[in-house]
Amino acid sequence: MTGCKILERRFAYILFDLILFKYTFAGEVCTYTYMDTNTRERFAHRYCTTGCCGSYGGFICCVRDTYYKYFKDEKRQPVDISLSIEARAAIVTGSIVGLLVFIGIGVVLYIEYTRGIICVKRKQAPLKDTSMTYLFWFLVVKWFCMIIVTWKKVMMIEYVIFIAALIYVKETKGHDLGVDCVVAIPEQSFILDRLSCPNNTATQDRLQQVRALFDFHNINAYIITIEDVHMQFTTSLHDRRLQAVSGFSGVIGLGVVTRSTAALWTDGRTFIQATEEVDCGWEIYRKGGPNTTSVTDWIKEHAGDNAAVGSNPNYMYSVWWKNFDFVLSKNNLTLKAIEPDLVDKIWTSDRPPQPSTDINVLDIKYAGRKWEDKLRDVRKEMTQLGVDVLVTTGLDEIAWLYNIRARDIEYEPYPYAFSIVQHQTTSIYIMDSKSKLSRPSSDPESLVTLKEHLKTNNNGQCSRSCVQVKEYNHSSFVEDIVKLAGRKDIKKIMVSFSCNYKIYSSIPEEKLYQGIPPTLAHKARKNDVERMGMRHAVLEDSVKMVSLFARMEKEISEGIPWTVYKATIEAIHTRRELNLYRDESFLALAGSGISTVPLLAYPVENASRHLATSESFLMDSGGQYLDGTSDLTRTFHYGIPSDHEKEIYTRVLMAHLNLAMHKFPVGRTGKEIDSAIRQPLWEIGVDYPHETGHGIAHYGVVVEGPARISSSRASYTSDIPLETNFFGYDQTQLLHIPDPADYPVEENMCFSNEPGYYEVGKFGMRIENVVIVKKMNRNNNFSKCDFLEFDTITFVPYEPHLIKSSLLSDQQIKWINNYHKEVWVKVSPYLKEENDTVALEWLNKRVQPLFTTYKVTEIENTNNGCILVTWMMFYLILFFISILLK
């Protein structure tokens, strides 16, 4: 097929869309295609190849007939048709032709042009508005040229420009979404010299003190990680070693110090933060940048030939250590274990103390099962795996196993602890063990002392059916592991992939078993009491948030000032009114307008944006309760949102509904599930840079393993995998920590359901509920396969001002209506009991049912309708003029 023929077919196809379906200049009008694919293909073939519509005027007449024939069919279903390369090239062709002569015709429809806004709904990314503007002028110029010159001359001009446009479209991919598609990741890959940087003498002095120890240890470089011995990157102030020598307070980072230079690697989200915080003398690299030097390559360049590189094995993942050792050895460099850590050795003054808060027992009415029963299940799985000893360093796993809670780490209700489980005995290592064993509980709901709970004596010693309590000390913990590994009756010792290299290397290779520990998997599968508690906690949390959101909207509409920071503080105060509330589950993320774009938007009091009726407001917050953990995100608009905002919100909601309604066979992973969820956003060429769902613990950390619902390399933790740019070597020859998205999503697990959208310089949107995985209720016996589905337990209405119901299917509208009905049934009794009339009125308005709408175009006012009719009449008039002139 010649270029001319391609242009004619594709351009006629686009014009068909322009006239009635997809593109309209009737101020903020977006339209939808309801034909099925076969009907659309038949129509395009008939009217683009048979000559029925030989001219565009006749084409419009055919469109009118087609409208009555197909759009009155109540069985029509919405579909999306992708723009092909040729079609996009035709648009650019029209843009160029139109640009050449638009001045002569521009006055004719100046008013319509100034009022118009183009909206494109395609699977591909949105085309630039400028291209669509030029397409408008091309259509006008097309008619002008038909009157003045012959058809063939016009086609020759079009064909030449079409070839150039085709090349342009292929090169640019037809869109301009910027770096990382949806978020503002800095373009810079590294910064070697900064014109301005902090001058912190304390951190600079510590750095020099670390270098002063190089000769004693015979090393030329030293690797400093951000993790602690438990491999947590959200550490206490006591464990922030990298910050102590560099000034960097972010949670994603790794530093390397040589005798004369220093470098820090962080991710795209904290790169700017690093440039503002890190001392002079440090080079800063963005992991994932196109020109970023890997850690190992940088060491090779700056440490010298045959140099020794030191690091502390207590603070590095076993997998990372082995990779560093392997890659450095390939470059004739040696990785050397340095103990004690050099930063620990010199950081003795002004260092925050190690946290050691009270340990309280979680009562059986909240935990659901005794620690003895949990231990029995863990040992049973150890037997199935052929494991004699289970070494546990995960704080969440230990707290769950022994039914204890504390506050050693902010937003994580756990104590610092280690654990060793054998088939006959078990030990736990805690700080200030002797004093805490007999210390009275600091929580009124904790009814026994730790000594009574673990069935041990005042010294932590016992014989059987009890837990031995030892003092928390990493060195003595490792020594105990070494002793166990030396016993002949011990065949296998299990450690997790998140254990540090010191623990890993203390076990002989023939006795080592590394995998996902039974404690992590059992903890994620909530028992009956835990699930009931989660439902209760999240429901009460929902009630309080409904009350807060109602009060906020009322006061904002009355002109009472609210800031983003004030909203987050009020959320804390509101949750504190609940009896079982213990803490926030994380530092609230919130923003208004452009401040909603950063994924990790932490509002501060002195620089907090005021909430306004002209822009959207997003808040992501949660609470920790004795009976569960909540995690809620809602996006609201207290004024009149734009059509773009409504479409984006609706598509985020559609992705959210995709997960809520998703059914899947047992054994499917989070990665497999996620690929079916994002489609509504993918259809218009956008995505969100985080997981769709993360695990949620029962009265615990808000993000838990072992599973995650995601097909993205990015997560809330980082925009790229943590080990990116660490090892300058073939990734297929390196070891990797298993991706949680490859773990099966199992019955009784709890997840968040939180698709989102973030447009740089404009707004961000996210919707989040808590869901529980349950068995699917089937009305047939066609298959013996077991299926699972998600049960939503958050009950806060969506934002009706932002829902564009014409985008939703009947099934989605039905689900929303049923959900809102359930929200009213569950939440309103609480509000009535509290006599919260403001919240009741607010809730009642927001749970009103949505109705299915079959609209070809959505006209917001009479003027827009007139503009559309004017356009139709304009083309008809030009058609008849061209006939007369010919």
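# A guided reading of a sheet and its helices

Guide: In this predicted model, 6 strands form an open sheet with mixed pairing, in the order E13-E12-E11-E9-E14-E15.

Visitor: What makes strand E13 and strand E15 stand at the edges?

Guide: Strand E13 (468-471) and strand E15 (512-514) each have a single partner strand, so one side of each is left without a neighbour in the sheet. From one strand to the next, the twist averages 20°.

Visitor: Why does E14 count as a partner of E9?

Guide: E9 and strand E14 (residues 493-495) are joined by 2 bridges, and at least two are required, so they pair. Here the strands run parallel, with Val-389 opposite Ile-493.

Visitor: Why is H25 called roughly perpendicular to H28?

Guide: The axes of helix H25 (residues 643-660) and helix H28 (residues 810-833) cross at roughly 80° and come within 11 Å. Angles of 65 to 115 degrees count as roughly perpendicular, so H25 is roughly perpendicular to H28.

Visitor: Which residues make the contact between H25 and H28?

Guide: H25 contributes Leu-653, Met-654, Leu-657, Asn-658 and Ala-660, while H28 contributes Gln-812, Trp-815 and Ile-816. The residues of this contact comprise 6 nonpolar, 2 polar and no charged.

Visitor: How do you know that the buried residues of H29 lie on the same side?

Guide: In helix H29 (residues 837-846), the buried residues are Ala-839, Leu-840, Trp-842, Leu-843 and Arg-846. They cover an arc of only 165° around the axis, and therefore lie on the same side of H29. These buried residues pack against helix H23 (528-557), strand E21 (632-637) and H28.

Visitor: What is found on the other side of H29?

Guide: Thr-837 and Lys-845 are there, and both are exposed, a term that requires over 50% relative accessible area.

Terms used:
Residues are numbered from 1 along each chain as its sequence is written. This is a predicted model: local features need pLDDT of at least 70, side-chain atom pairs count only at pLDDT 80 or more; totals for chains, interfaces and linings use all residues. Side-chain values use heavy atoms; hydrogens and water are left out. Helices (H or I, at least four residues) and strands (E, at least two) are DSSP runs, numbered from the N terminus. Axes are lines fitted to C-alpha atoms, for helices over the stretch in contact, and angles run from 0 to 180 degrees between N-to-C directions. Angles under 35 degrees count as roughly parallel, over 145 as roughly antiparallel, 65 to 115 as roughly perpendicular and the rest as oblique. Contact means heavy atoms within 4.5 Å. Ala, Val, Leu, Ile, Met, Phe, Trp, Tyr, Cys and Pro count as nonpolar, Asp, Glu, Lys and Arg as charged, and the others, Gly among them, as polar. Buried means under 20% relative accessible area, exposed over 50%, partly exposed in between (1.4 Å probe, protein chains only). The arc is that of the directions from the helix axis to the C-beta atoms.
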